[in-house]
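Hello,

The structure you asked about is below, and my notes on it follow. Please read them alongside the coordinates.

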Amino acid sequence: MMSISLDAGVAAPHAHRDRAVGPAKSLAWRRRPVRKSKAFNYYLRSHCSPLILASIALPFAAAPAAQETGNSGSESINDTIMEEIVVSATRRALQNALDIKRNTTAIVDVLSAGDIGDIPSLSVAEALEGITGASAHRLKGSGSQVSIRGLGPFLGFSTFNGREVTTGSADRAVNFQQFPAELINTITIYKTQQADLVEGGTSGIVELQSIRPLDYGKEAMSVEFRGKYNSHAARVDGNDGIGARGSFTFVDQFDTDAGRLGVSFGYARFDSGNPEESYLTSSSFQLCDARVDRGSSRCQAYDQQDQADDLAAGDDSAELYFVPNSISYRTQDEEEKRDAIISTIQWVPNDQWEINADVQWSSKYYEEDRHDFTIDDARREHSNVSARDNYGLLNYSGVSRGRVTGELYRRDEDYRGGGLNLTWRPSDTLSLTTDLSFANTQRDRVRRVARFRSDYFAYNYTANSLVPSITFDTTMDESPAGTTLDTSFDVSDLASFDRSGDADLRSRLTNREDDIWALRLDGEYRLDIGFVDSVKAGVRYSERQRITNNEDTRTMRYDEINEVYWGGTSSRDELMALAQNTCANSRFPNDDFFGSDDGGPNVGGSFATFDTLCVIRTLTRGDNRSLPDEDRRGTNDIDVTEEITAAYVMANFSTELGAMPLSGNFGLRVVQTDVTSLGLRGTFDVVEDNTDPANPTYRVEAGDDFTRVKFTNSTTEYLPSVNAIFQLREDILLRTAAYRAMSRDNIELLGAGRSFGNIDEDQDYASPEEALQGELDTASGGNPDLEPLMSWNADLSLEWYLNEDTAVSAAVYYKSFEAATFPSIVDETIVVNGVDVAVATTKIVNVDDKSDLLGFELTAQHAFTSLPQPFDGLGVKLTYNYADTNFETQDPILGDALQSDGSVLPGLAELEPASIFGLSEHTGSLKLYWDIGRFHVSAITKYRSEYFQPNAGTPRANRWIDDFTLLDLAASYRVNDTWKLRATVQNLLDEPQSGQRGARSGSTTLWSSTGPKFELSVNGSF
């Protein structure tokens, strides 16, 4: 069998070189049976078949036989390295990952090149799910935000080649899609901290590393083309479901008169779509009482006053249920194109100098064409209500207006990064390293929306399945409350959405730029003083600037469109008729919406849609921007500069405790963070309209003048750490760690920007006081005084390395951490008509409360090389993580349900608060692979239990994402020494994403399906 991957023979990454375990520096392999833990058995019983259970148990039963044919104790690791070990790409990648894990002082888990290439993953985030304790949130069918050991993405940190990375998102979470999996050599998750690591991850640090060509050690070139097919995309009009993905990688080394020179270059291209069909609700949920007849009004929250009235009347028979403000069904097409380049030059002119320069570039274009049908008044005029015991809705009848929306959502994002790293070794005992780096991300996002609204109609809501269904009742011309109903309403006919007064165009632009410059100096001195092997010290300075222009949503109703674009020569009814007649779609763009081919009941399987761009062009006479240009500066703009100065000292040690080798490191890192936040403060005028002198009206208008404000804040934190490795046997390690870690909250929460009320310059009021109350009574914004989130941590990990293919590790960890913030209301001043006016402003502040997290994780892998052919090509890897915390996120729904003594209304006490953002109690993965000559097949299943995933903005109800299990498959065939064919399937079982609000089950707020994705590829290695 020949090696079939570029990763064969890859040395451990530079960051891990020269690290050995214990004074003996021994890597000899030993084998002993291992006992499985209760958590291990829980995961297997819950999520694995008996066949899989048998395959996991087999390596431990076969271990004694394998030991007889293994390396003898007298063989050294050098002898092993000199052998020509011919194994598959997957097996070699697992061996490399195991080797790095064993030889790193901190507690880590690793994914190596080839491992990524042979796992059917769409992104690095999905590949990370194969690492113990890592779990990804899915967005549009692909992995995105990553949680580590149960703590949400906001408590993690990511680096590329040891450097901080910029992002185009509103927080600090790295967009892993900008680093194609094909171009990454190694992914390491540092689960414990040490003084020489860049700070920022309470949960852990995700380190991505590109190839260093001289370390790689051989010439290689690879070309791959992948054809993609998405069955969900194929049923959307204008989309054949076919996409493409390709990559080119080149690595070479040269002997020159100026020393050794290595070059690596990688390019990746992605061109495909990921259409979705979704059920969505508003983030606002209310707890209503079915006994209360509100007439034609919306049901209101059942609060403590309602309960007091009931109790006074001796009535405790409230019929409660959760209901959202609105309900939507969506179909959307999507187009996505990504290009990326990662390149490195490594030069070693002599024994003293090593120079590494690397660059990364990526560009992403992404566009969605969304079409929604929305029940606008989901809380209006309910009857025939039935609910579950947990208040999740089962059925009701209601009255509402409907809305159809077309939205074009486009995002352009570019990333540029790189650095220069110089290492000088003037002697055998001293090395000095300088690293200069930069990173920049620019993201431009535009949303263009057209909306039409109907008159009132009657409908029935049924939640007999995970996706609730809506059917329409056109037999009534008037509701019991007296509301006139449209008996001719047809959800598939755009003409039914004819309320011209409620039709409008909307747009919102967001521009974000994120910059980081960093300089790092490190030195290590090897000495022989007692048990200390070397002392390492260094300083790092970085400057990060985040500038975000958040333009408020701008709305134009048809009367304004008539004045701006038509000179007042038309009417809103004429304009709406023109837009609908010109731009209505003749057929629904999804051939099988929510299973409509099988009689799916959801809104009859279709609803009225239109060409959104056509509507915008028609109404604005060809102006594609949707709305006219204006001064785009605003009081909610963000300009934050974060300067970080860090210094550390760390000692590496090795000694013996009795006859037992002991090694590790201890050190201290000091971090000073200086924040400068700039913002704009505008002026406002209350304008009187005397068109009717007897009844003047007033409105609020924003002025054109801005005043710049500046806020600063500085914090200093001390981060001690100690990592120790007890070599219980040559093949058994006990690792311990104790350390203090820090995370920094969302950088945009440090902004000085302010959003003042909901300014609507067309809204008239009867008095100036009412105008101020209606438009400028509240404000919200960031808080530059937010401090880092700190944690104290302890870890214990037992690792058993039976041979180069087989290892079992189990770890327990504890964290006492800060993660709580609280919205605080303070008075701030704005200028209205030249006079200072106090406004209640909401901003996030730190909370001193600490929470505890306790976790356990298990990793096991084995290659069945002792079995007879062809079964000697079988292999398995299992990961499992359990995490539990006392952190609580109270459901905002309960805010209205608190009694005067602070207790929750009877019956609601059973509604558990959410945990911390991103925590799943159980996560795990199971990978099986089989090499049979030139043929390779692998399967990986990934499981994640339910978790809390808040929406952006102010939460109105906690959202739980339901547990899910994904199954991916891959198969490849080696045609010859050069060419390989491969087929993969992602999400084979078409597992949707679903979520709940209010009730933990039976109260669906999200259901989304993107379908399985198929790839067929050809790879050439030269």
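The side chains of S1017 and E224 are joined by a polar contact of 3.5 Å. A polar contact is a pair of N or O atoms within 3.5 Å; within protein, one must be able to donate a hydrogen and the other to accept it, and residues adjacent in sequence count only if both atoms are side-chain atoms. This is a predicted model: local features need pLDDT of at least 70, side-chain atom pairs count only at pLDDT 80 or more, and totals for chains, interfaces and linings use all residues. Residues are numbered from 1 along each chain as its sequence is written, and side-chain values use heavy atoms, with hydrogens and water left out.

S1017 sits in strand β43 (residues 1013-1021); strands (E, at least two residues) and helices (H or I, at least four) are DSSP runs numbered from the N terminus. With a relative accessible area of 6%, S1017 is buried, meaning under 20% (1.4 Å probe, protein chains only). Beyond neighbours within four places in sequence, S1017 is in contact with E224, F225, R226, K980, L981 and R982, where contact means heavy atoms within 4.5 Å.

K927, in strand β35 (residues 922-932), counts as buried because its relative accessibility is 4%. Its C-alpha atom is 8.2 Å from that of G875, 52 residues apart along the chain.

In helix α12 (residues 612-619), six of the eight residues are buried. The elements covering them include β15 (353-375), β17 (393-424) and α10 (558-566). D611 caps the N-terminal end of α12, with a side-chain oxygen 3.2 Å from the backbone nitrogen of L613. Just after α12, R621 has a positive phi of about 55 degrees.

Regards

Key:
Buried means under 20% relative accessible area, exposed over 50%, partly exposed in between (1.4 Å probe, protein chains only).
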